[in-house]
Amino acid sequence: MKTNNAEKFFETITRWPKTVVLISLVMIIFCASFIPTLQKDTRSDAFMPPDHPALVYREKVKEIFGLNDPMVIAVVNNGETGVFNSQTLKLVQWLSDALLDIEAVDADRITSLATENDIVGTQDGMLVEPFFDPYPETQQTADNIRTAVMDFPLYMGSLVADDGKATLIVAELQAQNEAQAVYQKLLTLKEQAPVGPADEIYIAGEGAVSGYMGTYIDNDAKRLNPIAGLIITLMLLIAFRTLRGTLLPNLVVLGTVASALGMMAAFEIPFFIITNALPVVLIGIAVADSIHILSQYYEEAARHPLDSSRQITIRAMKQMWRPITLTSLTTMAGFFGLSLASVMPPMEYFGIFAMLGVAAAWLYSMTVVPAILSLLKLKPSKAFKPSQPIDWFGRRMSSMGAVVIHRPGWVLAVALLVALVGLVGASKMELNEERITIFHEDEDIVSADKVINSKFDGAHYLDIVIETDAEEGLFNPGHLQRIEALQNFVETLPHVNGSTSVVDYLKQMNRAINEDRSDAYQLPLSEELVAQYFLLYSASGNPSDFEQEVDYDYRLANVRIRLDSGRFNFEKEVVEAVEQYIHKHFNTPGIQANLSGRINVDYHWIKRLGESHFGSIGISLILVLLMASITLRSLVAGVITVVPVAFSVLIVYAVMGFANVWLAVGTSMFAAIAIGLGVDFAIHTVERLKVLVREQGKTIDEAIEALYPSTGRALLFNFAALAMGFSVLTTSEVVPLIRFGSLVAVAVTSAFIASLWVIPALIKVFNPRFLRHTSQSFQEQDVPLAAIPQPVTVVTQAQTKPVSE
Amino acid sequence: MKFGTTIIIGFFSFLATFASASELPSGEEIAKHINARDDGIAVSRNVLMEMTDKRGKTRKRETRGFRKYYGSEKRTVIFYLTPRSVKDTAFLTYDYPEANRDDDQWLYLPAARKVRRISASDRGDYFLGTDFTYEDIKLESKVSQQDYQRSTLREELIGGHHTYVVEAITVSKAVAKELGYSKVIQWVDSKIWMTRKAEFYDLRGKLLKTTFTKNIQQVQGIWTSHLLEVNNHNTKHKTRFTFSEVHYDDSINDDLFTERSLRRGL
């Protein structure tokens, strides 16, 4: 779009303003109409590409052994008898029964003292019978259950706390996407449960965590996003002190958010947890475009109070279409880079739809804003007085400019120093993740998680899948001993407190068949005996009883390892140690082991994130550099534009490093958002300086001086709107939202400061060619002339072609 | 002839939809007919047990079994023939008619050379890794008259056979919990009084299992099913019992039903 074409374009837009507004409204409503069909996807697994080997393997394992992230209910009784009194045991029964009434709970996969069987040897036989047989009516029966459970090593630490003061009810779901609803139902159950005086109920488990996480973040985001919008509106009121200046940007915001979310819905992309950040980011971007147009509009209005509303609008748009288009393009490049290099589907979609949102913001800013402005009667803003063109905010910005003009070297030195300190901080940043830290410490789920992980072996699972090469391969005593050795090794690792496999059941049966002698708690020594033990067990068990431990033709086995922490760096240590052990000591012809389970998926996921993160930020920066170089037609200009953006990314890392904020799933997107939001300041600054020098023939010092009260003032409000909008998020209770709000505010602040201090200082010190002002430069035409708005012709054209109002 | 029968039955069914249910035999009557059916004092047979899990993996076990009534007490012994790993494993059960008396069960493990008495199973427990419960196995082709309240719903044709569709609802919650069923719907052959198909509903009232009794032939004048199929709709687990070499022989040696015979084997 060249200047003359641009003029024609805005003349067309303002000739049929009502049509433009109508079409825009129809488009907004059309997009918005899809939003109700948006599907939510709050699963942690949604963050991994569905074809990732770790996820694919886990799905396979899940299908074989039916292992799901469970809901875990802990019943704790710190009284003298612990949980082994009739009232508490009845509570366990009550809860186990109540779970049966929840449709989404897999009735066959409820595990508690009330559902499990004891395997015990007698003088002449073996009993496989429920622990709750007889039903614990008296203290005597409760005591008997205690004795039985305490003598069943398999259940100690996994089902019952070692001190007998807590027991678990573990429930698996038929479908993981029901987790949210089931968690809510469990909370209701907790309220209704017939608890004794010393009984406490806690609900946690990976199922509960992921079930609650969605609601938890959604609710706060739903509350805070509108407040952020409100604060930004307030900033607009201060900046323009007019109704249109306040409401018009909000219309663009509406159109932008509706387009992005509507398109997501139309393409059937689900709303992920991190999508909550999209509206507020788009609000910030959409509002920025309007701020610059309105600033120019009011400046023009103050300068030419007698011109028609349409003339003023066209003139303002002719000035602003280029910088707004440039910022939109570079921001889109940044988000495109994010989506291109992201390893997580939700992030990929975030990049794509943020990009589309930016495009929508640009479109509405270019059409509906001038259309409405030209429709409205010209009403000057009190903030832009013809007598005194520079207001208080403009003057503050001018004093900022004075520093650059007089001490550019100092400015650069300070920036360099800050960058160095930033590097130190950034080097302290740690790759880590722990899902439970998403919740505020006062949340029930956090205390439940603590209780369960301290009283029991832990509720974080690593699965080791053993594959033998033949049917009934697991009957081989040599293979079984290998698995036993593996379990013994794994249990020596930090944060590992227990493991379960078919080996443990076989030992228990071997003991039971040998009159319960404790020295018989070992693996059976012949293949036939193993086979016959399984048959023996089936005389009383369910056909699907060992489903979690062995597959149906006894070829595959699962060893479930329990960890007391879900923190990435602990998991990493365990996963890597186990992998090494498997390769060195376990795998032999005939038997192989592979890792699976939630911990293994998380390990690969976070590791992948760590490996790809800096590359993805690099790609974003390079794309921004390319886009800026192309649009500004100078590589040097591109580099100068990227400097403040890179600086703000560095500062984000530094703050994360110093404040001990991990580079994790949520925080990994902050740097990319910092690029998207921060690049606008730099583009506006460079573009304006270019116009001032090359078009209006100012010297660099004059240009810098002129930059601050106008563009600088607009950028100040742009910055204030963003910073305050994101700061609202820090009032949240949700840790990730607080971090998101504060770190993006930090990013925006540093990008703003760097753009307005470092860019002019760089230009003054290095005097780059793209800004070199020579009298010939107009004739030299190293830049296509047509690309430069020419105010002189504009004015003449506007006058010679009178526009009809 | 067959066509004629179909016409007649079809017409009858048509009429039945207009007639009140009282014109059909009552649930109790049908139950009495079923339980009065002769199924021999003693029988020997080979049973091929095939269990298939939801992924289609199958376990096959060939057994030879004997069953004999001692009045209303029932003794059963099963010897495993294959697979090799469980060959000679044997399972002996005494089912007592008294409701309050636990059944006796023993299992012989040849690899340990030990006979082990197994705890009495609950009626709703699964039998040797199959989808049959102990109660299902114990009743064989009979039905329990005290556990259920029966009513006749309608008539239907199953594979060309005229059946009464009987709904049996457990008499109490406690019984339902014990059996694992809240309701059973049976398709009872009106000619030979055998259940050709049955649907079992779990405690939540959801369809849990469907069983089919197939390949019904007369052996020594006794109507005998040679194929039983159960599909568990919840676990997607399936069981198939194929009977062969069925022989009714009242003189089967009582010694077979002893611990000693378990050790001795076939």
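Two strands are taken to pair if DSSP finds at least two bridges between them. The structure is a predicted model. In this model, strand β5 of chain A (residues 125–130) pairs with β6(B) over 2 bridges. The sense of this pairing is parallel. G125(A) lies opposite R117(B) of β6(B).

Chain B contains 5 helices and 13 strands. Its C-alpha atoms fill a box of roughly 65 × 40 × 40 Å along the principal axes. The radius of gyration of chain B is 19 Å. A compact globule of 266 residues would have a value near 18 Å, so the two agree.

Chain A has an open sheet of 4 strands, in the order β3-β6-β2-β7. The pairing in this sheet is antiparallel. β3 (105–111) and β7 (199–204) of chain A stand at the edges. Each has a single partner strand, so one side of each is left without a neighbour in the sheet. Neighbouring strands are turned by 20° against each other on average, direction ignored. Strand β2 of chain A (residues 71–77) is joined to β7(A) by 6 bridges, and the two run antiparallel. N77(A) of this pair stands opposite D199(A) in β7(A). Helix α14 of chain A (residues 444–455) packs on the sheet. Helix α14 touches β2, β6 (166–173) and β7 of chain A, and its direction makes about 100° with that of β7(A).

Helix packing was also examined in chain A. Helix α9 (residues 277–303) and helix α11 (residues 345–375) of chain A pack at an angle of about 30°, with their axes 9 Å apart. Angles under 35 degrees count as roughly parallel, so α9(A) is roughly parallel to α11(A). Their crossing is right-handed. From α9(A), the contacting residues include L278(A), V281(A), L282(A), I285(A) and D289(A). Among those from α11(A) are F350(A), F353(A), G357(A), W362(A) and L373(A). By class, this contact of α9(A) with α11(A) has 15 nonpolar, 3 polar and 1 charged residues.

Definitions and conventions
Residues are numbered from 1 along each chain as its sequence is written. Chains are lettered from A and ligands numbered from 1 in the order in which they are written. This is a predicted model: local features need pLDDT of at least 70, side-chain atom pairs count only at pLDDT 80 or more; totals for chains, interfaces and linings use all residues. Axes are lines fitted to C-alpha atoms, for helices over the stretch in contact, and angles run from 0 to 180 degrees between N-to-C directions. Angles under 35 degrees count as roughly parallel, over 145 as roughly antiparallel, 65 to 115 as roughly perpendicular and the rest as oblique. A crossing is left-handed if the near helix is turned anticlockwise from the far one by less than a right angle, and right-handed if clockwise. Two residues are in contact if their C-beta atoms, placed from the backbone, lie within 7 Å. Ala, Val, Leu, Ile, Met, Phe, Trp, Tyr, Cys and Pro count as nonpolar, Asp, Glu, Lys and Arg as charged, and the others, Gly among them, as polar. The radius of gyration is taken over C-alpha atoms; the globule rule is 2.2 Å times the number of residues to the power 0.38.
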